[in-house]
Amino acid sequence: MNNWYFIYGPVRGGKTSKLIDFIHYCGRENIVVINHASDTRYGTNAVISHSRKKISAHPMTDSELIQFAPGATVDCIFIDEIQFFSPDVIHALKKFPGRIYFSGLDVDFRGDYFPISKKLLQLVPTGNLARCLGICCCGSLAEFSAYVGKVSLETNILVSADDFVPRCKLCFANVF
Ligand SMILES: [Zn+2]
């Protein structure tokens, strides 16, 4: 997967901003931007970073992405918040000959890998991995995303993105 790229890290680490920068660097190339149909935090038809950079996107479910057949004119595909997708989409994406840029969380609020992110970290060449880090409340660089919302995630998964904060390894160990 020499033409796959993965931008990963915790919440508020600048992943989506970086993805949008990469989209702009592609200039006049023919590109497709995809996000997950369930990611409606900022509206469905756009990829939007915390710093409010915005670009239009096609929302897709797992099965829509598996069946997606980009035309021969498409040079590259960008997929934001890849952690929402099933690892089943990887096999289908391998058929696309162009470049694919993925962006998303590597680990969840428990510190466990999202299945598709774990797979990408194994498949994508080390030189094509871009790790983004956030800033923890203590000032250290943050590699984890802690949940600080009030409702239990076991009973209510419809929580705001604002309820997740970047935390360093030490502070993450203290909250969890
Ligand atoms: Zn910290």
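In helix α4, which comprises residues 115-123, the residues I116, S117 and L120 are buried. Viewed down the axis of α4, its buried residues fall within an arc of 100°, so they line one face of the helix. The elements that cover these buried residues include β1 (4-8), α3 (89-93) and β7 (99-104). Helix α4 lies across β1 and β7 and runs at about 130° to β1. The model discussed here is predicted.

**Overall architecture**

The secondary structure of the chain amounts to five helices and twelve strands. For 176 residues, a compact globule would have a radius of gyration near 16 Å, and the chain agrees with this, having 16 Å. Along the principal axes, the C-alpha trace spans about 50 × 35 × 30 Å. Of the 176 residues, 34% count as buried. Among contacts between residues at least 6 apart in sequence, 66% join residues at least 24 apart.

**The parallel sheet**

Six strands form an open sheet in the order β5-β2-β6-β7-β1-β8, with parallel pairing. Its edge strands are β5 (58-60) and β8, each of which pairs on one side only. Neighbouring strands of this sheet are turned by 20° against each other on average, direction ignored. Strands of a sheet pair through backbone hydrogen bonds, either parallel or antiparallel.

How many bridges join β1 to β7, and in which sense do the two strands pair? β1 and β7 pair in the parallel sense over five bridges. Within this pairing, F6 stands opposite F102 of β7, and I7 stands opposite S103 of β7. Strand β8 (residues 129-131) also runs parallel to β1, joined to β1 by three bridges. There, L129 in β8 is the bridge partner of F6.

Strand β1 is largely enclosed by the rest of the structure, because five of its five residues are buried. In a regular strand the side chains alternate between the two faces of the sheet. In β1, W4, F6 and Y8 point one way, whereas Y5 and I7 point the other way, and all are buried.

Helix α1 (residues 15-25) has K15, T16, L19, I20 and I23 as buried residues. Seen down the axis of α1, the buried residues fall within an arc of 135°, and they therefore line one face of the helix. On the other side of α1, H24 and Y25 are exposed. The cover over the buried residues of α1 includes β1, β2 (31-36), β3 (46-48), β4 (54-56), β6 (76-79) and β7. Helix α1 lies across β1, β2, β6, β7 and β8, and runs at about 160° to β7. After α1 comes G27, whose phi is positive, near 55°.

**Nonpolar cores**

The largest nonpolar core has 28 residues, and those with the most contacts inside it are F6, F78 and F102. At least two residues of this core are supplied by each of β1, α1, β2, β6, β7 and α4. Strand β1 gives the most to this core, with five residues. Not counting residues up to four places away in sequence, F6 touches F102, L120, L121, V124, N128 and L129. A second, separate core of ten residues includes V11, F109, C136 and F144.

**Positive phi at non-glycine positions**

Which loop holds R12, and is R12 buried or exposed? R12 is placed in the loop between β1 and α1. With 21 other C-beta atoms within 10 Å, R12 is buried. E81 lies in the loop between β6 and α3 and likewise counts as buried, with 21 C-beta neighbours inside 10 Å. The phi values of these two residues, neither of which is a glycine, are listed below.

| Residue | Phi |
|---|---|
| R12 | positive, about 55° |
| E81 | positive, near 50° |

How values were computed:
Residues numbered from 1 in each chain as written. Predicted model: local features only at pLDDT ≥ 70, side-chain atom pairs only at ≥ 80, totals over all residues. Buried ≥ 20, exposed ≤ 12 C-beta atoms within 10 Å, placed from the backbone. Helix = DSSP H or I, 4+ residues; strand = E, 2+ residues; numbered from the N terminus. Arc of directions from axis to C-beta. Contact = placed C-beta atoms within 7 Å. Rg over C-alpha atoms; globule rule 2.2 N^0.38 Å. Pairing = 2+ DSSP bridges. Core = buried A, V, L, I, M, F, W, Y, C linked by C-beta atoms within 7 Å. Axes fitted to C-alpha atoms, helices over the stretch in contact; angles between N-to-C directions.
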